[in-house]
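Dear colleague,

Please find below the structure I promised to pass on to you. A summary of the findings follows it.

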Amino acid sequence: EQKADMFKSVGEAAEEVAHETNNDEQGDVRKTGAADAMGHPVQEIESLCMNCHENGTTRLLLTSIPYFREVIIMSFECPHCGLKNSEIQPASTIQELGSKYTLKIENKEDFNREVIKSETANCKFVDLDIEIPPKRGVLTTVEGLLNEMIEDLASDQEERLKVDEKLHDQIDAVITKVKSYINCEPNTVPLTFVLDDPAGNSWIEYKPGEPQHK
């Protein structure tokens, strides 16, 4: 909830960035001098850290994803408490139609595909029977989604071991199983990954000329 609150005002500020990228500095938004490969400038704005309530810096980049559309990438850092966070938001409005992508993961390279998961998207790894509900938008990879889930599960394992050893062992087994899929161990792939977004603002990296079944 803190992450969502922290980016609430930043998300509103990001809308202004889309109109300011070709202009000089305006208001509190400053150009950093950095840019992406297409020349889109990185800008920054001072924003409140919801962890220590001091001021930190949010950097914003309006960029274009090939075969997708324009997005706003945001990265927050607080010099006082060290909190770091990132988020991605669509530069366009909710689409007329939702989107649903299905990827057949067959090798390690497929785990490295970029994924844009908006705050309204639901992810499912069918063969693992794992579902990741909608939360903050991220620019990551297929492997990145699974690693984030592993980190969330592992973070409370020490406490679980003290209060419920059986639950600890069950979760540990899930973590081990997921890691075996990421490493493409025998009898783990193919794996079906589904990205379902009713707002139509999510995407899985497309590679031209790949087989139809992918």
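The protein chain exposes about 12,300 Å², of which carbon and sulfur atoms supply 47%. Please note that this is a predicted model. Of the 214 residues in the protein chain, 40% are buried. The secondary structure consists of 6 helices and 12 strands. Among contacts between residues at least 6 apart in sequence, 56% join residues at least 24 apart.

The structure holds 12 salt bridges, and three of these pairs are described here.

In one of them, the side chains of R30 and E44 meet at 3.4 Å, N to O. Because R30 belongs to strand β1 (residues 30–35) and E44 to strand β2 (residues 41–48), the pair ties together parts that are 14 residues apart in sequence. R30 is partly exposed, at 30% relative accessible area, whereas E44 is buried, at 16%.

A salt bridge also forms between E106 and K214 (3.2 Å, N to O). E106 lies in the loop between β6 (99–105) and α3 (108–111) and K214 in the segment after β12 (203–204), so this pair ties together parts that are 108 residues apart in sequence. K214 is buried, with a relative accessible area of 12%, while E106 is partly exposed at 35%.

The side chains of D152 and K135 meet in a further salt bridge (3.8 Å, N to O). D152 sits in helix α4 (residues 142–154) and K135 in the loop between β9 (130–132) and β10 (138–141), 17 residues apart. Both D152, at 43%, and K135, at 36% relative accessibility, are partly exposed.

With kind regards

How values were computed:
Residues are numbered from 1 along each chain as its sequence is written. This is a predicted model: local features need pLDDT of at least 70, side-chain atom pairs count only at pLDDT 80 or more; totals for chains, interfaces and linings use all residues. Side-chain values use heavy atoms; hydrogens and water are left out. Helices (H or I, at least four residues) and strands (E, at least two) are DSSP runs, numbered from the N terminus. Buried means under 20% relative accessible area, exposed over 50%, partly exposed in between (1.4 Å probe, protein chains only). Contact means heavy atoms within 4.5 Å. Accessible areas come from the Shrake-Rupley method with a 1.4 Å probe; for residues, only the protein chains shown count as cover. A salt bridge is a side-chain nitrogen of Lys or Arg within 4 Å of a carboxyl oxygen of Asp or Glu.
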